[in-house]
Amino acid sequence: MVEIGFKGTKFISKNSEQSLTLINNSKLILNANCVIGEGHNIYCNNGILTINNDVYINRNVLIQCENKIELGKDTLLGWNVSLRDTDGHSLNSSGQTRSENAPILIGKKVWLAANVVILKGSIITNGSIVATGSIVPGVIVKRENCLVAGIPAKVKKENITLEK
């Protein structure tokens, strides 16, 4: 079963509105037993958003997908998490206008704690945890089971295990 907009941690106020927008050949792939909590804002413009089995997304998530975002099986997103695979606007440099985006790949059994921001080009490997309030600006975590934290985020510990 897929549940959208009905759950979330009760002591976190939900956004008063929620939206799911798919435009310009975007794809949303939802697999079994995923939950997208209240107050979500999901915007896909010519992107592919894949939410795999047993993913739980808490309240007030912001997902902006203009390339590719994939959430692996058994992944948890805390409240107020943001995933953005794009700058969201064009940049003008030396007279050339360009828009940049890059995929975000989140492995299996990953926990993105509350208020985490994951930006374009980031790869978080299986079994890893991203600590509360971290900003991940295109970081590629190469080993599994890592604790990633900070602004900007970097690997702080290895060989950690998330107990559910």
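Cys 44 has Cys 65, in strand 8, as its bridge partner. In this predicted model, strand 5 (residues 41–45) and strand 8 (residues 62–65) run parallel and are joined by four bridges. Strand 8 is also joined to strand 11 (residues 82–84), again in the parallel sense, by three bridges.

**Strand pairing**
- Ile 63 faces Leu 83, which belongs to strand 11.
- Two bridges connect strand 7 (residues 56–57) with strand 10 (residues 76–77), and this pairing is parallel.
- Opposite Ile 57 stands Leu 77 of strand 10.
- Strands of a sheet pair through backbone hydrogen bonds, in either a parallel or an antiparallel manner.

- Eight strands form an open sheet with mixed pairing, in the order 1-4-7-10-15-18-20-21.
- Its edge strands are strand 1 (2–4) and strand 21 (153–158), each of which pairs on one side only.

**Backbone features in loops**
- Most residues other than glycine have a negative phi, and most peptide bonds are trans.
- The peptide bond between Ile 151 and Pro 152 is cis, with omega about -5 degrees.
- Pro 152 lies in the loop that runs between strand 20 (146–150) and strand 21.
- Asn 24 is not a glycine, yet its phi is positive, at about 50 degrees.
- Asn 24 is located in the loop between strand 2 (19–23) and strand 3 (27–30), and is partly exposed, with a relative accessible area of 49%.
- Asn 33, also not a glycine, has a positive phi of about 55 degrees.
- Asn 33 sits in the loop between strand 3 and strand 4 (34–36), and its relative accessibility of 45% makes it partly exposed.

Conventions. Residues numbered from 1 in each chain as written. Predicted model: local features only at pLDDT ≥ 70, side-chain atom pairs only at ≥ 80, totals over all residues. Heavy atoms only, no water. Pairing = 2+ DSSP bridges. Buried < 20%, exposed > 50% of the residue type's maximum accessible area, 1.4 Å probe, protein only.
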